[in-house]
Structure formats: C-alpha cells, structure tokens
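Trainee: I would like to learn how to read the features of a structure one at a time. May we begin with the pairing of strands?

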Amino acid sequence: MTKARENSDYTGLAADIAAATPTVSATAPSSPAAGEMWFDTNANSLAMKVWKGSYWNLLNNSFSASGGTISTYVANGIQYRVHKFLSSGTFTVVGSGLVEYLVVAGGGGGGGTAAEQNGAGGAGGYRSSLVGESTGGGGTLESALLLTDSAHTVTIGGGGAAGGSGQAGVNGSNSVFSSITSLGGGGGALRYNNGASGGSGGGGGDVETGTTAGGAGTAGQGFAGATGRNHGNPTHWTDAGGGGGAGSAGGVGGTGQAYSAGDGLASATAGVTLAKGGTVDEDPDPNIAGTANSGNGGGTLYAGGSGIVLVRYVI
C-alpha cells in the first residue's frame with residue numbers, strides 16, 4: 001500500500017516548481033541564482049535566457065552571423081556580440097534572430113574660401129536601435145530588425161568634400177545597413193547662401209544684412225545647422241554658421257565668440273562620441289576635418305568624416 005504523501009513533501013515540491021518557473025518580464029530578475037531562467041519580453045529580444053553567474057545567456061543560439069570586425073562584451077548583465085564595419089561589406093546571417101544597429105552616415109564638408117565667411121558641414125545622420133543608448137535628432141530609439149538567412153549589404157558613407165574657392169561644401173554620402181539608411185550630413189554654405197539639408201544640416205554663410213538659414217536636419221537622425229549673420233558686427237569672431245550634430249543644433253555665438261558646432265552622441269557600444277557638427281572660427285582657427293568613421297561634419301575649409309555601422313545581438 002502506497003504511503004500517503006506528507007504535507008512537507010508538497011511544500012518542497014511547490015518550492016521546486018516555483019524555482020523552475022521562468023520569470024516573464026521586460027526587465028531582468030534582481031539577484032538571480034545560477035541556473036535561474038528568464039523570458040525576456042523586451043521587443044528587441046523576445047527570448048529565453050539563463051543566468052550563468054555573471055550574465056544572462058541566450059538559450060537559443062541557432063542564430064549566427066559574419067562580417068565586419070567581431071567582438072563580444074557584457075552590458076547590464078547581458079552578453080552581446082558586435083560586428084563593426086569601418087568600410088562597406090556584407091553582414092551574412094545563418095538562422096533568424098533580432099539584431100540592434102547603429103548606422104552613421106558621412107559628415108558634410110565645410111564651405112570654401114575664408115574660414116569666417118562660409119558655413120561648416122553638418123554631421124551624418126545617426127540612426128540607432130541600441131537599447132540603453134540614443135538615436136539622433138532627439139528621436140525615439142528605433143526597433144531591432146528581425147533578420148533571416150541571407151546576406152545584408154553594409155554601405156559606409158564617405159565624408160563630403162570641402163568646398164573649393166567660391167564653392168559650398170559637399171553633402172556626405174548615405175550609410176546603409178539592410179533596410180536602414182542614414183542620410184549624409186549637409187554641406188556648409190558659401191557666403192550669402194543657406195546651408196544644405198541632410199542627416200544634420202550644414203551652417204549658413206555670412207551676409208552683409210539679415211541672416212542666412214542653416215540647413216535642416218532629418219527627424220530621428222540629426223539637427224539643423226546654425227544661421228549665418230551680418231558680418232559687419234565687430235563683436236563677432238565669425239559670422240558663418242556651425243554644422244548641426246546628432247545631439248543638438250549648431251549654436252549661435254555670443255559677443256566675441258564663434259558659432260558653436262552641434263553636439264554628437266556618445267555610444268557606449270562604439271566607445272566614442274559620433275556625429276558632431278563642423279566648427280567655424282576665425283581667430284584662433286580650430287577648424288578641422290571630420291575624422292574617419294566619426295560621421296563628424298567638416299569645419300569650414302575641411303572635409304567631413306566617413307560613417308560607421310555597428311550591428312549587435314545577444315548571445
């Protein structure tokens with residue numbers, strides 16, 4: 001005859017069942033024990049994970065990818081793999097899975113001739129779905145992409161050339177990852193002209209009376225360039241507009257100050273700040289070219305920087 005189960009046995013069984021039941025939430029359980037499971041309902045994940053003692057490990061590792069320079073790191077207890085593209089290439093997927101991205105286009109070139117008369121280049125467009133980071137233009141963080149078996153084109157946009165004598169700066173080129181396109185930064189204006197629109201806008205040129213317009217930025221990618229103003233005011237160091245950035249518009253200088261460039265955005269995944277606007281100044285002259293793979297706009301007389309693409313997913 002089978003012995004009746006003691007109440008204490010049921011109590012222990014209930015505890016075992018509770019321990020084996022995964023947490024279903026968009027946020028990770030606090031103070032998890034090794035082996036504890038969590039179904040992550042975050043839209044960029046939707047996956048079962050297990051606590052490995054120092055990070056959450058994805059249980060379904062059928063997804064794999066190649067292309068770019070590959071690294072791994074842990075952030076907020078989640079282990080990621082990152083593919084960094086500094087030049088155009090291909091992101092090849094085996095299986096299916098969600099990936100996050102950062103796509104930065106080439107920055108616009110600064111206008112030519114005199115440093116104080118021509119606008120600076122706008123930063124390249126900045127689009128991101130990296131959880132915990134920002135996207136450009138003050139926009140809402142974008143959603144992850146669901147990719148399946150195929151090769152996805154990655155295009156790194158080049159920086160726009162500086163304007164030659166009597167010429168405006170050239171817009172940067174677009175960067176592309178799969179279905180995501182970031183627009184090249186707007187070129188800085190020639191004197192008496194408006195800045196070009198782009199991912200972030202180029203600065204306007206100076207004028208004898210009134211103002212010129214900075215180029216418009218693109219929603220969710222970057223901000224506008226600064227206006228150009230009357231160059232006859234002796235309190236201004238310079239009168240042409242600074243380039244817009246992914247983090248803010250080109251600024252207006254005060255008495256004895258240059259127009260400031262728009263701010264970029266710091267990316268923890270990239271490890272640097274990207275997509276700054278180009279600068280304009282006369283004395284001293286800090287105008288510089290946008291560095292490679294920064295997406296920065298070029299200062300007046302200088303070229304913009306090329307773009308960058310990062311692709312990240314949980315492993």
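Mentor: Strands of a sheet pair through backbone hydrogen bonds, in either the parallel or the antiparallel sense. Here, strand E1 (residues 23–25) pairs with E2 in the parallel sense, over 3 bridges. Thr23 stands opposite Trp38 in E2. Please keep in mind that this is a predicted model.

Trainee: In which sense do E2 and E3 pair, parallel or antiparallel?

Mentor: E2 and E3 pair in the antiparallel sense, and 4 bridges connect them. Within E3, Met48 stands opposite Phe39.

Trainee: Strand E3 (residues 47–51) contains Trp51. Why does Trp51 count as buried?

Mentor: Trp51 counts as buried because its relative accessible area is 15%, and the cut-off for buried is under 20%. Leaving aside neighbours within four places in sequence, Trp51 is in contact with Pro32, Ala33, Ala34, Gly35, Glu36, Trp56 and Gly77. Gly77 lies 26 residues from Trp51 along the chain, and the C-alpha atoms of the two are separated by 8.9 Å.

Trainee: What is the strand order in the open sheet of 5 strands?

Mentor: The order is E5-E8-E12-E13-E14, with antiparallel pairing. E5 and strand E14 (180–182) are the edge strands, each pairing on one side only. On average, neighbouring strands of this sheet are turned by 20° against each other, direction ignored.

Trainee: How many bridges join E8 to E12?

Mentor: Strand E8 (residues 89–94) and strand E12 (residues 150–155) run antiparallel and are joined by 5 bridges. Thr92 has Ala151 in E12 as its bridge partner, and Val93 stands opposite Ser150 in E12. E12 also pairs with strand E13 (residues 175–177) in the antiparallel sense, over 2 bridges. There, the bridge partner of Val154 is Phe177 of E13.

Trainee: Which residues have the most contacts inside the largest nonpolar core?

Mentor: They are Phe91, Val99, Phe177 and Val309, in a core of 18 residues. The elements giving two or more residues to this core are E8, strand E9 (97–104), strand E11 (145–147) and E17. Another core, of 12 residues, lies apart from it and includes Val82, Ala246, Leu265 and Ile308.

Trainee: How is a pair of aromatic rings described, and how many aromatic pairs does the whole structure hold?

Mentor: A pair of aromatic rings is described by the distance of the centres and the angle of the planes. A search of the whole structure finds 4 aromatic pairs. One of them, formed by Phe63 and Tyr313, is edge-to-face, at 4.9 Å centre to centre with 80° between the planes. This pair links distant parts of the chain, 250 residues apart: Phe63 is in the loop between strand E4 (56–58) and strand E5 (64–66), and Tyr313 is in strand E17 (residues 308–314). Both Phe63 and Tyr313 are buried. Ring pairs also link Phe91, Tyr101 and Phe177 into a cluster.

Trainee: Which ring does the charged end of Arg312 sit over?

Mentor: The charged end of Arg312 sits over the ring of Tyr80, at 3.9 Å from the ring centre.

Definitions and conventions:
Residues numbered from 1 in each chain as written. Predicted model: local features only at pLDDT ≥ 70, side-chain atom pairs only at ≥ 80, totals over all residues. Heavy atoms only, no water. Phe/Tyr/Trp six-rings, centres within 6.5 Å; stacked < 30°, edge-to-face > 60°. Buried < 20%, exposed > 50% of the residue type's maximum accessible area, 1.4 Å probe, protein only. Lys NZ or Arg CZ within 6 Å of the ring centre and 35° of its normal. Pairing = 2+ DSSP bridges. Axes fitted to C-alpha atoms, helices over the stretch in contact; angles between N-to-C directions. Core = buried A, V, L, I, M, F, W, Y, C linked by side-chain atoms within 4.5 Å. Contact = heavy atoms within 4.5 Å.
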